[in-house]
Structure formats: C-alpha cells, structure tokens
Amino acid sequence: MKKYILSFAMMVMGASLLTSCLNDNDNNNNQPVKIPITTGLYVVNNGQWNKNNGSLTYFDYTTLKAQQLFSGVGELGDTPNDAYTKGDTIFIVVSTDNMIVAYNKKTNSVIDRISTTDEMGATEGYTPRHIIGYGDNIFFTTYGGYVARLDAKTLTVTDKAQVGSAPEGLTLGGTQAAPVLYVCNSDYGYGNASISKIPLASNGNLGKAETITNENIRNPQDIVAVGDALYYLDWGHYTEDYSKQLDAGLYYYENGISKKIIENATGWGVGMIYVNSYVVGYNFVTFNDPYGNEGNPTYSTFNTYTRGTTTLTLKGDSGYEIFSPAAIGVDPLTGNIVIASRSKDPDTGYASYTLPGYANIYNSEGNYIKGTNFQTGIEPHAIGFTIGSQLIGTK
C-alpha cells in the first residue's frame, strides 16, 4: 500500500509517539522509556502596526503561568506574524521589519536576527509572512512573491522560488520519496489567487512551481496536504462596500474540484488523529467569524479520518468567554484546543486592537480547563506548541 505523508513535522511526531508506545508494550524488563509530552505553548502577538510592540507569550503547562517575552517596545519588532519551533529554537517571522528572529527558549536569548531582504534581495525578501520546517530545512513565504529555504544550521537562505501574488501559509505533502511544498497565494483577495505546488529535492532545494487555480480559490490563507488532496482556509471576498465578508470557509481540493466543508471559517487550528498510535488524519477546529458577523462567532470541527463535521460549543468558561477570536491552535498530542481572543474595549464595547488579549484552553469537547485563562500581548495572531519528553516506567 502506498503511504502518503500528512506533513513531515507531523509524521515525525507520530513516529516518535509510536516508537514510545511500542517500546512500552515490549518493555518486559520494565525499563524506563521516553514518551513525548507537550510542555507548553506560545502565542505570537502582532502588536499594533507601526508601533514596534510585537511580542511572544509563553504559557507553561506545569506551572499554568504565562510569561510575556519581548514585551518591550522594539524588543521583538513590528508585526511578528508566525513562528516555528525546532528543538529549543523558535523561529519568529517579523513581517514589517523584514526579518526572522531565531530565539532560544531555554536560555531566553536571541540567537540571531536574520534580514530576509539582505538574504534574498530588497524585493524578493519583502515582508516575510509564514514559516514551516522539517529537519534542517525551514521554508517561509514573502510578499515579494517568493518562498525561500532557510538552513537551520547556518541561518542563511540557500534557495528561493517565485510563486504567486501575496503568498501566505504553506505546507509539506507528497511522499517521502517525492516531497512537495504547497503555498497559498492570496493576491490580497483581489481575485487572482492560486496555490503553488513545488517539488523538493532531497536536500530541500525548491523546484519549479506549478500553479493551481479554481473558482473557489479566492483568498487562501493556510493549507494542509493529505496525499493528493488539499485542505485550505480561504477568506473569500468582500461586498463592494466592504461591509461583509463572503464565502470564507474551510475548503477541500482534489483533481481540479474544490468544495466547501465548513461555512464562514476565518481561523483554524489543526490537530492529529491517532488510531493505535498511528497518525491517520487531521482534526480541523475552526472559528467561524467573518467580517460583518457582528460578534457572533461559532466553532466547528472536521475530522479527515471519519469525514465528519460537527458544531463545537465552548462550555465552562464563565467570566473568561471568548469575545473576539483571533487565533486558534490544537495541541498535537492531547487534542486540547487553545483559543486567543481580543479584549473588549470598555469604552466602545467593540474588540480592542490596542489592549492585551487573552487565551483559554479547552479539551477536545469544548470544555474549559480550569486555571488555563492567561493574558497575551496585543493582537494575538498565531499559536504554537513546545514538545518535550518524559520517562515512564522503572527498573
């Protein structure tokens, strides 16, 4: 049977978990074995545009305490947009400052600030947006219309490829023998959006991009590949007076056909589904809150293994209710759901883009986990998780 990879990073995580479980089952001598555990999560906070007050919030699972990192003006930069964790290093994309900050979370220190315009050119490296990685290959998009490969060891850009207009999220797919990179080209929602499909060499170098278009690819923001199928989050389009956002949602694409799975989805978190310790699919958790929705967000889930779509109701968070969802993440090991929200402006009653936000953690059924409400920075935007290991068993 031909086995497809869901994504390189998630395949490695699943293999790690599987190995641990097998070791445990075969552990006749009752030797200690390591299992992966989630040690915490981080929230990337945009801050206010042109105010240079972006930040990173870290929430520790053991202490249930949040720490505000890079909280001072100018410490992280202007408009951090995304991040990727490799070991003890968090690579943070800072869009307005055209840089990627390599930060050691163990020593709480900056390793380097990598200028994307210096590495790629003033046009090509302009406004980095999203980032992913596998091994020593780190890939990121820029509004210059490029995707680039950053070497995690040398912290230099070693390759780049031109894609479509205003690229945003990206993902790895294909097979182990023939990996492929997919890139969302949003075109700022102006009508010429597409998805780029780029073959990768064994060393991570980028091949020539193939362009995928469809009438339902209008403003793609993020994407996940499952074999030859693509799941993507699309922000749709706006009415002529820009008072309402239309046709946003979670979409499925395969063999030239695209269909909507979840209506009005404007944010997603992506978790993994395990069967007998094998990763068999994804669980998409969305908040459905298009512009013009008048503050009535709903939440939905879609399971790629069962193909089931359900409504998710948040419960037990009285006093901490999500007011204006801004980011969502799914813990890759526990399935817990993290939702970050903008705060309500006490003067206007609307969502504030100048006050710190907050986040809650819920289990996979939508039940609030007591003690997990914490403050974030201004305009929380992306959520990631840190993975460690734990010994189980005794000699």
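The count of aromatic pairs in this predicted model comes to 15, where rings of Phe, Tyr and Trp (its six-membered ring) pair if their centres lie within 6.5 Å, and planes under 30 degrees apart count as stacked, over 60 as edge-to-face and the rest as tilted. One of them joins Y143 and Y188, edge-to-face, with 5.0 Å centre to centre and 65 degrees between the planes. This pair links distant parts of the chain, 45 residues apart: Y143 sits in the loop between β9 (137-142) and β10 (146-151), and Y188 in the loop between β13 (179-185) and β14 (194-199). Strands here are DSSP runs (E, at least two residues), numbered from the N terminus. Y188 is partly exposed at 41% relative accessible area; that label covers what falls between buried (under 20%) and exposed (over 50%), with a 1.4 Å probe and protein chains only.

Next up are Y238 and Y242, a tilted pair with 5.9 Å centre to centre and 35 degrees between the planes. Y238 is partly exposed at 34%, while Y242 counts as exposed at 54%. Elsewhere, ring pairs tie Y231, Y252, W268, Y282, F284 and F302 into a cluster.

Charges join in too. R307 lies over the face of the clustered Y252, 5.1 Å from the ring centre, and the charged end of K160 sits over Y146, 5.9 Å from the centre of that ring. For this, NZ of Lys or CZ of Arg has to be within 6 Å of the ring centre and within 35 degrees of the ring normal.

As for the ground rules, residues are numbered from 1 along each chain as its sequence is written, and side-chain values use heavy atoms, leaving out hydrogens and water. As the model is predicted, local features need pLDDT of at least 70 and side-chain atom pairs count only at pLDDT 80 or more, while totals for chains, interfaces and linings use all residues.

Key:
Helix = DSSP H or I, 4+ residues; strand = E, 2+ residues; numbered from the N terminus.
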